[in-house]
Amino acid sequence: MRIVRNHYSLHSAFLFYNPKFIVKNYLKIVLAMLIWSTWGPMIRWMALPPVVVLFYTSLSAGFIVPAVLRMRGDFPHAVFSTKSWHLFVGLAAASILNNLTYFYSLGHTTVSNAVFTHYTAPVIVAVLAPFLIAERLQRVTLIALPVAAVGMALIVLAGGGLSLSSTHLPGILAGTASGVGYAFVIIISRQLSRMLLHQKAIIVLLWITIAATAPAALSADYTIGMRTGALLLITGVMHSTTAPLLYFSALRQVLAQHAAILGYIEPLSAIPLAFLFLSEKPPLAALFGGLLILFSGYMIVRSKKVVAGAPAPE
């Protein structure tokens, strides 16, 4: 029995530190970001209050995720354990803050303001991760992060630039708050994934989100028709189930600072989405900014940094 266990551990370690396996996890982050990038059109098509969308998508995913994990044999046995409860509560609080303030920002200021303030998150992660989760700042981060930030700025400027009048102040503050929330989502998720609590993190996050948003969602005045119901189900399956499963599993090996930079893929994908669905031709500056973000993502994936101290599965 001991020999079999050692063989399994060696095999798992080989996979865990295999460069192809590492790149696969980085690509999981990218795929999750591409899924989440469609939140904007989905929110617009559903025409529901953000808290209602968050409640119903979490509610459907709250049933789907445990079922998927059970079928895969990955359902966490200690899902009701209070171990590291403060991390799960912190993750849920950061996630709710991130979603609600970002949706509020989109409705109370320009899209450029909302996106620019929200994507201060990678900078916050790069500054805080070394102190909060002992993640050493990588050399490639010092190069890729400024490149991605310049690309983001070019996309924002091409979309009309920033509007700094007092009428936009509530939306700007909300966007900044969403950036802080997003940064802590990345940092806490990374820590839980390193502790091999990523499956439990998704389930607990969904359940806490359901409980926290239910009072406001169930008391709001809205109507859900067949089309809206179908969109809620789609977002529940894709945005609240598939994307989190990809993201959390990848964070076992992808550094928080790298995941944050790859997050710039999300606003980048707004360019082809606007072209496909809104027939908007992107300005040259936006295209160049997009190329910079792609290049920064390439540098991150190409670096294939093995995460020091990440536990190999046993």
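This text describes the salt bridges of the structure and then one of its helices. The model is predicted: local features need pLDDT of at least 70, side-chain atom pairs count only at pLDDT 80 or more, and totals for chains, interfaces and linings use all residues. Residues are numbered from 1 along each chain as its sequence is written, and side-chain values use heavy atoms, with hydrogens and water left out.

Side chains of opposite charge can pair when their charged atoms come close. Two salt bridges are found in a search of the whole structure; the term denotes a side-chain nitrogen of Lys or Arg within 4 Å of a carboxyl oxygen of Asp or Glu.

One of them joins R190 and E135, with 3.5 Å between the closest N and O atoms. This pair links distant parts of the chain, 55 residues apart: R190 lies in helix α9 (residues 169–194), and E135 in the loop between α7 (121–132) and α8 (139–158). Helices here are DSSP runs (H or I, at least four residues), numbered from the N terminus. Both R190 and E135 are buried, that is, under 20% relative accessible area, where exposed is over 50% and partly exposed in between (1.4 Å probe, protein chains only).

The other salt bridge is formed by the side chains of R72 and D74, at 3.2 Å from N to O. D74 counts as partly exposed, at 30% relative accessibility, and R72 counts as partly exposed at 48%.

In helix α3 (residues 39–46), the buried residues are W39, M42, I43 and M46. They lie on the same side of α3 because they cover an arc of only 100° around the axis, taken from the directions from the helix axis to the C-beta atoms. An α-helix has 3.6 residues a turn, so residues three or four places apart point the same way. After α3 comes A47, which has a positive phi near 55°.

Note on methods:
Helices (H or I, at least four residues) and strands (E, at least two) are DSSP runs, numbered from the N terminus.
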